[in-house]
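Me: Hi! I'd like to walk through a model with you, a bit at a time. Can you put it up?
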Amino acid sequence: MPTFVYMTRCDGCGQCVDICPSDIMHIDKSLRRAYNIEPNMCWECYSCVKACPHHAIDVRGYADFAPLGHSVRVHRDEEKGIISWRIKFRNGKKDMDLVAPITTKPWGTGFPDLKAEPAPSKEMRASQLLYKEPKYIRMDDGDIRTLKSAGLSLKAGVYY
Amino acid sequence: MGYKTIVEDNIDVLVVGAGLGGTGAAFEARYWGRDKKIVIAEKANIDRSGAVAQGLYAINCYMGARFGENNPEDHVRYARIDLMGMVREDLAFDMARHVDSAVHQFEEWGLPIMRNKKKGSYQREGRWQIMIHGESYKPIVAEAAKRSADKVYNRICVTHLLLDEAKENRIAGAVGFNVRTGNYHVFKSKTVIVGAGGASNIFKPRSVGEGAGRVWYAPWSSGSAYGLMIDAGAKMTQMENRIVLARFKDGYGPVGAYFLHLKTYTQNGLGEKYEEKWWPQLQEMVGKEYLDPEASHLTHRPIPTCLRNHALISEVNAGRGPIHMVTMEAFQDPHLEEIGWHNFLGMTVGQAVLWAATNVDPKYENPELTTSEPYVMGSHATGCGGWASGPEDVSPPEYFWGYNRMMTVEGLFGAGDAIGGTPHAFSSGSFTEGRLAAKAACKYIDDGKAEGIRVSDRQIEELREKIYKPLETYRVYSNEVVAGTVNPNFINPRQGLDRLQKLMDEYCGGFGVNYMTNGNLLKIGLKKLKWLEEDWHNGMGAADIHELLRAWELYHRIRTSECVFQHTLFREETRWPGYYYRGDFMKLDDKNWHCLTVSRRDRKTGQYTMEKAPLYHLVDDKEKTAKAG
Ligand SMILES: Cc1cc2nc3c(=O)[nH]c(=O)nc-3n(C[C@H](O)[C@H](O)[C@H](O)COP(=O)(O)OP(=O)(O)OC[C@H]3O[C@@H](n4cnc5c(N)ncnc54)[C@H](O)[C@@H]3O)c2cc1C
Ligand code: SF4
Ligand code: SF4
């Protein structure tokens, strides 16, 4: 496969098509539902699985090494900022639920508006500093590290 | 073919490929170029594109200067020993001194970084790695880039860089096509920052058939960064330095957190430790300078990754496989067990799928390890890529031509996998390089270096014809046969990719020949590769736009492969046993090859010029005991 789409759950919304980094989720023209057009270029990255609003996409492990009968399902909740996984083994002996945070801020709130920041001075432009440095590096007012401040000097080039 | 031509003009900074490097570039460009026009052209959707599409569970490059953990020069020493000396120390130092600021921003943007509750610092996985809940790492950095760029063009496969016709060797933008609409896109720009990623699927993967996409580096890493830059006439470096990874078998699940944080270890099929017994033989091959187990023991100096591979490969060849990762001890701790699983779910789900399918519970069974097929990339533990200028306050004259991270083509910059000689940048370092490139690109424009750029309609029209030729070839010849994919006039992109992988594997040292090659094999391989390129130009058939995408990805892979062949042929030694071996020059040869290799492909003739570049050591050898980790 490795991803496949359940016929009865897909409504052809195209979100998986929009997100797949490999460009392999496509809408079947006659059925108007999505499917994986090139399984051997699928990374099992789960981007489409996470994006599908109807949980219509699932993964069946690669046929060259994975036997049938397992499942790894996911639900990614941007509003709550968490992702939940459920892993079921082929032999049924293991059935795990795992949860992890995906962000510490409400989505889309933590980013600076760089146009609203004070413009960099001439000296900053001429220096090695990047945005908000050096404060972001060491949280003090020291300068960026140079060979000199590191107590280093350029050693001669060696060819061979 | 009724595809429209869409021209975006007057761009100041064009970011080609917005993975970790490209997003860093777009973000920082806005700060230094607040009135500049910043445009992103990306093959996929920047929310989930590139090597970090699935997420990551660790940030592998973080100094922790804030917590007094490491300094940039420590990192240079580490990268240098790991790559057997071959590192652009100016670039590595520069990346390392800025990288913390990128990581602190990620945290501010909402990336959950784990904390060491006792120390108050970030939770270390190893000396350089910190642990994150990184499932949404890519959407988070993409958001920062989207807020900064004037326009984001998703689903544009960039095929060529545009060259200025007013001044030789100067960049003028890029062209490509939209993978959905098929439209032809022209981006006229004063500068271009290439962040189009590394190259997977160049060598035959171990996975076959339906599973061929289960490679360690993403299957969409098509070597475009290299293909674009080489075609534009940029100098390349260290392209022989392909990487082979020790990973969990079949799923390619990463082992970093397992080794470093969970403290798991390896043993052979007989349950014995095996690594150390290969050191004496290896020391003979590479010399004490690069392998000194005693010093490593005393100072925590790492054993180079490639040498550990060598031990693994040799042990399997000696008939004592398989190699196992001993997880059964660590996994008795429920907390560590959870980390082990999360590590995959956050960055290589396929490994979790495999273990679920094959009932491998690492708590009760030690999983198998293997070595991967080789990859060509510049940001992980290897340093392939473009030959770039360093920063003015650090770089010696041979490494400095005015603008940080600018290639040897004026106005062309790079970040991440695109930059050669900066291994161990990883995700945070790639982002940082993007930021550095963006600041320098803005300066380049402000200095008036991009004045008077001229791109003729002819150049644009010629490229248009080239781009769509595979569709035309298919249209003309496909009906000559009844049906099916066998046609005497063309091959399809998959057939071309299979051929490339087979010849790279057999002639350039893939897993199928135990990573072994020699001068004779390389020459045959180059000849066969030339035929593949000819077939690409004259007989590549694409049935639709999706296949056209694959065709151009293959083209960039071919170009990358050719450069890998040239470099491997040129460096007549085995510098990195465990990554590849030159059977005709089995030893590391510091006398002749303590240098960087640099190539340039002539745009008109296709001929390669190879040269040696000096290796500067900016950082002394003092190795202190690691503080962190
Ligand atoms: C499985 C795995 C585990 C890893 N683990 C870690 C880890 O734990 N910690 C860590 O720090 N790093 C890790 N890395 C490494 C890290 O992901 C890379 O170093 C980093 O992402 C490289 O950045 P980049 O910008 O060069 O390339 P990418 O992030 O791959 O970006 C390349 C971009 O270019 C686009 N592109 C490609 N071709 C074209 C084209 N022709 N036209 C337009 N756009 C194009 C792609 O779609 C993509 O968006 C891991 C990588 C992998 C695959
Ligand atoms: S798992 Fe990833 S590569 Fe595979 S179809 Fe889904 S999005 Fe595409
Ligand atoms: S996202 Fe889900 S519902 Fe929408 S097209 Fe894809 S599979 Fe169907």
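Me: Thanks! Where is B:Glu337?
Reply: B:Glu337 is in helix H10 (residues 334-347) of chain B; helices here are DSSP runs of H or I with at least four residues, strands are E runs of at least two, and both are numbered from the N terminus. Before we go on: this is a predicted model, where local features need pLDDT of at least 70 and side-chain atom pairs pLDDT 80 or more, while totals for chains, interfaces and linings use all residues. Residues are numbered from 1 along each chain as its sequence is written, chains are lettered from A and ligands numbered from 1 in the order written, and side-chain values use heavy atoms, leaving out hydrogens and water.

Me: Is B:Glu337 buried or exposed?
Reply: B:Glu337 counts as buried, at 10% relative accessibility. Buried means under 20% relative accessible area, exposed over 50%, and partly exposed in between (1.4 Å probe, protein chains only).

Me: And what is B:Glu337 in contact with, leaving aside neighbours within four places in sequence?
Reply: B:Glu337 touches A:Lys94, B:Phe331, B:Asp361 and B:Lys363, where contact means heavy atoms within 4.5 Å.

Me: New topic: how do H13(B) and H15(B) cross?
Reply: The axes of H13 (residues 457-477) and H15 (residues 519-539) of chain B come within 8 Å and cross at roughly 70°. The two helices are therefore roughly perpendicular to each other, a label for angles of 65 to 115 degrees (under 35 is roughly parallel, over 145 roughly antiparallel, the rest oblique). Axes are lines fitted to C-alpha atoms over the stretch in contact, with angles from 0 to 180 degrees between N-to-C directions.

Me: Which residues make the contact between H13(B) and H15(B)?
Reply: H13(B) brings B:Lys469, B:Pro470 and B:Thr473, and H15(B) brings B:Trp536, B:His537, B:Asn538 and B:Gly539.

Me: Let's look at the backbone. Which bond joins A:Glu133 and A:Pro134?
Reply: A cis peptide bond, with omega about 5°. A:Pro134 lies in the loop between helices H3 (122-126) and H4 (135-138) of chain A. B:Gly321 and B:Pro322 are also joined by a cis peptide bond, with omega about -10°.

Me: What about phi of B:Arg155?
Reply: Phi is positive there, about 60°, although B:Arg155 is not a glycine. Most residues other than glycine have a negative phi, and most peptide bonds are trans. B:Arg155 sits in the loop between strands S5 (151-153) and S6 (156-163) of chain B, and counts as buried at 5% relative accessibility.
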